[in-house]
Amino acid sequence: MDQYGAEFLEKLREIIKEEISKIDVRQLNYERCLNNTIVILEKYKTLRDFTEQVENVKFSQEEIDQAKEKELEKLMEEVFSNKEIYLESLYKKHLQTKLFLNFLDSTFEKYIEETEISMKPKSELKIAILSEIYIEGKEIKQFLYDRDLKYGRTFYYARNELYEELAIRIFGIYALKL
């Protein structure tokens, strides 16, 4: 590499280091935790349905044997690049999802219990949002209509507070807004 290329790379490294030092890692952690909490809440009902669906499916021994045989053939073709049989993989995902949902259920239960006691503003609305929209799967429009919340601004403030409060319970210190 010539002198100009080396100087250019060094200058580029300095600029990158300076820009990285400006990034507030705490703010990034907070935003990531908040966004992940929103996604978790939005997908909670779907995850719950997935675990129930997998639990209700019964495979005959013949179906399991056929699936294993097909997977073993596929494994041989792929030179063992895929080491899990599909049904075992599905079962592991089901167990991991179920464990995570159990954690969420206990977190939600404790949150509702403590929020009912707290008597903070919008407590009842936050509990209703969590219970009806995210746990039961009610549409936001229907929720607003049922509660006669015309413009929904109060709803959105309460929902944002709910996100922040649950993010701390789910992700711990990384979700603190510092």
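In what order do the elements of the protein run from the N terminus on?

**Figure 1. Overview of the secondary structure in the predicted model.** From the N terminus on, the elements run α-α-α-α-α-α-α, and the secondary structure comes to seven helices and zero strands. Of the 178 residues in the protein, 29% are buried.

**Figure 2. Close-up of the contact of helix 5 with helix 7.** The axes of helix 5 and helix 7 come within 9 Å and cross at roughly 80°, which makes helix 5 roughly perpendicular to helix 7. From helix 5, the residues that take part are L125, K126, I129, L130, I133 and Y134; they meet T154, F155, A158, R159, E161, L162, Y163, E165 and L166 in helix 7. Divided by class, the residues of this contact are 10 nonpolar, one polar and four charged.

**Figure 3. Close-up of the second largest pocket and its lining.** The space in the second largest pocket comes to about 200 Å³, and its lining is formed by L41, E42, K45, T46, I133, Y134, G137, K138, E139, I140, R159 and Y163. Helix 2 (25-56), helix 5 (123-135) and helix 7 (153-171) are the elements that give two or more residues to this lining, and the largest share, four residues, comes from helix 2. Sorted by class, the lining has five nonpolar, two polar and five charged residues.

Figure 4. R48 is found in helix 2, the helix from which the largest share of the lining of the second largest pocket comes. Is R48 buried or exposed? Because its relative accessibility is 19%, and buried means under 20%, R48 counts as buried.

How values were computed
Residues numbered from 1 in each chain as written. Predicted model: local features only at pLDDT ≥ 70, side-chain atom pairs only at ≥ 80, totals over all residues. Heavy atoms only, no water. 1 Å grid on protein atoms, 1.4 Å probe; cavity = no way out; pocket = protein on both sides within 12 Å on 5 of 7 lines; lining within 4 Å. Points joined across faces, edges and corners; volume = space filled by probe spheres on them. Nonpolar A, V, L, I, M, F, W, Y, C, P; charged D, E, K, R; others polar. Axes fitted to C-alpha atoms, helices over the stretch in contact; angles between N-to-C directions. Parallel < 35°, antiparallel > 145°, perpendicular 65-115°, else oblique. Contact = heavy atoms within 4.5 Å. Buried < 20%, exposed > 50% of the residue type's maximum accessible area, 1.4 Å probe, protein only.
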